[in-house]
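I opened the model to look up a few packing details. My notes follow.

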Amino acid sequence: MKEISIIEKDIELRKILSQKADDIEVLYDFLNNNQVTESEFEIELENFSKLIKEFELKLILNEENDSKDAILSIHPGAGGTESQDWAQMLYRMYSMWGESKDFKFNTIDFQSGDEAGIKDCTIEVIGSYAYGLLQSEIGIHRLVRISPFDSNSRRHTSFASVFVYPLADENVDVEINQKDLRIDTFRSSGAGGQHVNKTDSAIRITHIPTGIVAQCQSQRSQHKNKEQALKVLKSKLYQIELEKNLESKKLLEGDKKDIAWGNQIRSYVFHPYNMVKDHRTKFEVGNVKGVMDGDIDDFIYSYLLDKMEKKK
């Protein structure tokens, strides 16, 4: 049913593109005859360009897992409150981006920082081509700004890492031996009412052979938390299996890098100037506020185009 839905959306996009192309031709004739203004024509042309980009992305995202839902994890680097606040800013950015795509965000694990921000979070992102789009975000994100937590208003640099895994659905064959699992229960540290905070409903699952840890504390039910944690664990193990089948293990190596200077994939500079720059593609924009409000499509688009060019 999901595959049918994706194909139906692709067919609908092709129909809309064809209709818009005809409309643009008619509008161009109207423009030459002074029947529409130049600004009206430019607005329609810009909307058409966005559709073209969306169509191009669908052509690029043709690998096996690109159409899958995703597991998104954000981890602050060293630096305490500064980096934890930066992690929460990224969480907000991706939430707003997902909202603009009509994606569904299910928070699996969310650990608040001691003073501000978040210590760790894991989100299930449900939507068409969620993994294919979000793979551009894997890596270390660097922030430069005047710290709101520094009484001397000094400039600070903070880091946070983003990991993305294809959500392993029922069609993915990943064997998990129960003997290889260590399951711990603990009390939820987040908000959630009296029941959550006073019972050991949160679950942490450790896969002993790999050392991979997955946890969930978002539900009141211990059973539901275990179910979600197993889903995350399965997705992480699936990612490892994918990497084993590739000659290059760049993603796994990237995961092991320190969350610090020199390893960042993108820089977000708030001071002394405004700029967001992707160090892989060299694409940059000056509208930092727009990016932090979820406008990251151009970064995703440039990354995927660059990835496609390197494959040729």
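I started with the contacts of Ser-235. Setting aside neighbours within four places in sequence, I found Ser-235 in contact with Ile-71, Tyr-165, Pro-166, Leu-167 and Ala-168. The model is predicted, so I keep to what its coordinates give. Ser-235 sits in helix α6, residues 222-244. Buried or exposed? Ser-235 has 0% relative accessibility, so I log Ser-235 as buried, the cut-off being under 20%.

Next I checked helix α1, residues 2-32. With 31 residues at 1.5 Å a residue, α1 should span 45 Å. The end C-alpha atoms of α1 are 45 Å apart, so the two values agree. I then listed the buried residues of α1: Ile-6, Asp-10, Leu-13, Leu-17, Ile-24 and Leu-27. Against what do they pack? The buried residues of α1 pack against α2. Just after α1, I noted a positive phi of about 60° at Asn-34.

Two packed helices are described by the angle between their axes and the distance between the axes. The crossing of α2 and α9 is left-handed.

Which residues make the contact? From α2 I have Lys-53, Glu-56, Leu-57 and Ile-60. From α9 I have Asp-298, Tyr-301, Leu-304, Leu-305 and Met-308. By class, the residues of this contact of α2 with α9 are 6 nonpolar, 3 charged and no polar.

Conventions
Residues are numbered from 1 along each chain as its sequence is written. This is a predicted model: local features need pLDDT of at least 70, side-chain atom pairs count only at pLDDT 80 or more; totals for chains, interfaces and linings use all residues. Side-chain values use heavy atoms; hydrogens and water are left out. A crossing is left-handed if the near helix is turned anticlockwise from the far one by less than a right angle, and right-handed if clockwise. Helices (H or I, at least four residues) and strands (E, at least two) are DSSP runs, numbered from the N terminus. Contact means heavy atoms within 4.5 Å. Ala, Val, Leu, Ile, Met, Phe, Trp, Tyr, Cys and Pro count as nonpolar, Asp, Glu, Lys and Arg as charged, and the others, Gly among them, as polar. Buried means under 20% relative accessible area, exposed over 50%, partly exposed in between (1.4 Å probe, protein chains only). The expected span of a helix is 1.5 Å times one less than its number of residues.
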